[in-house]
Amino acid sequence: MYGAESATRRRHPQQRPSSGGLSLPDQEFGMGNAKRAAVKVGHGNSRKSSALAAAAFMRWTMEDAVNVARHHRVPCLFAVGLLFFMVIEYTLQMVPPDSPPLDLGFVATRPLHRLLSSSPELNTLLAALNTVFVGMQTSYILWTWLVEGRTRATISTLFMFTCRGILGYSTQLPLPQGFLGSGADFPVGNVSFFLFFSGHVAGSMIASLDMRRMKRWRQAWTFDALNVLQAVRLLGTRGHYTVDLAVGLGAGILFDSVAGKYEESCRNIIEKRTIGMDGMNGIKEASRI
């Protein structure tokens with residue numbers, strides 16, 4: 001009897017009352033989804049909170065801010081400069097298309113421009129001296145390669161002038177008003193040239209950096225002083241805009257660094273090849289034995 005009843009119960013399980021038209025398994029299934037969704041949301045919030053707690057700025061203190069201002073004054077100065085020039089840029093009255101560019105370097109060298117305009121002989125003399133300085137740059141860079149056997153200055157000069165040619169041809173700036181040309185200026189003969197950027201300044205910077213690497217401090221400081229005089233003359237003759245000179249200075253530093261990385265990569269390749277050749281020779285000797 002008891003066996004029959006249990007078999008019957010197994011065949012026909014009792015139905016529990018449902019709620020809302022759903023059976024108990026459906027209700028449990030729905031509750032499971034809700035619980036899983038709540039757990040996922042909880043995990044997502046915990047991840048966000050943990051990521052926020054792990055952020056660097058959450059650990060900053062007032063002492064950290066004081067230490068930044070005390071020990072990192074240069075970045076703080078540039079941060080102030082950023083805010084200052086943001087105000088200048090967004091409130092500046094832009095130069096109209098039919099007006100000449102505003103160049104503060106030209107404004108600062110107006111007396112020199114008037115002097116050179118009234119004295120063509122002085123203009124020619126300064127141009128000739130500047131060409132001598134360009135020859136000094138070129139001679140030093142070639143000397144480091146041909147005599148000393150160091151290629152970095154030469155490679156950086158090649159990189160720099162190639163990039164200058166691409167940029168100078170891509171954006172051909174108008175010749176500044178009041179340009180004072182001279183047949184003695186480099187390139188000699190009153191030929192055309194790229195305004196952006198200044199190869200005079202960049203080449204001098206490359207030579208100066210190489211002198212510093214070799215601890216030729218007097219030569220480096222001499223080249224820096226002549227480079228400043230060269231920049232003043234180029235502004236006075238309207239041979240370059242200020243931005244040309246500034247980018248030329250940066251280009252000299254940049255391409256000197258690029259040439260250094262190029263030489264380092266070449267050395268690494270040679271070392272790997274040498275190690276590979278030594279390994280192959282060792283294998284061959286072992287096979288002979």
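## The largest pocket

A pocket is an open set of grid points with protein on both sides within 12 Å along at least five of seven lines. In this predicted model, the largest pocket holds about 490 Å³ of space. Its lining counts 24 residues. Those nearest the centre are Val 134, Phe 186, Pro 187, Gly 199 and His 200.

Helix 7 gives the most, with 5 residues. By class, the lining has 10 nonpolar, 12 polar and 2 charged residues.

## Helix 6 against helix 10

Two packed helices are described by the angle between their axes and the distance between the axes. For helix 6 (residues 110-118) and helix 10 (residues 217-236), the axes come within 8 Å and cross at roughly 70°. Angles of 65 to 115 degrees count as roughly perpendicular, so helix 6 is roughly perpendicular to helix 10.

Helix 6 brings Leu 112, His 113 and Leu 116 to the contact. They meet Val 232, Arg 233 and Gly 236 of helix 10. By class, this contact has 3 nonpolar, 2 polar and 1 charged residues.

## Confidence along the chain

The mean pLDDT of the chain is 84. Of its residues, 79% reach 70 or more. Among the elements, helix 10 has the highest mean pLDDT (97) and helix 1 (residues 2-11) the lowest (48).

Where pLDDT is low, the predicted coordinates should not be read in detail.

How values were computed: Residues numbered from 1 in each chain as written. Predicted model: local features only at pLDDT ≥ 70, side-chain atom pairs only at ≥ 80, totals over all residues. Heavy atoms only, no water. 1 Å grid on protein atoms, 1.4 Å probe; cavity = no way out; pocket = protein on both sides within 12 Å on 5 of 7 lines; lining within 4 Å. Points joined across faces, edges and corners; volume = space filled by probe spheres on them. Helix = DSSP H or I, 4+ residues; strand = E, 2+ residues; numbered from the N terminus. Nonpolar A, V, L, I, M, F, W, Y, C, P; charged D, E, K, R; others polar. Axes fitted to C-alpha atoms, helices over the stretch in contact; angles between N-to-C directions. Parallel < 35°, antiparallel > 145°, perpendicular 65-115°, else oblique. Contact = heavy atoms within 4.5 Å. pLDDT = per-residue confidence, 0-100.
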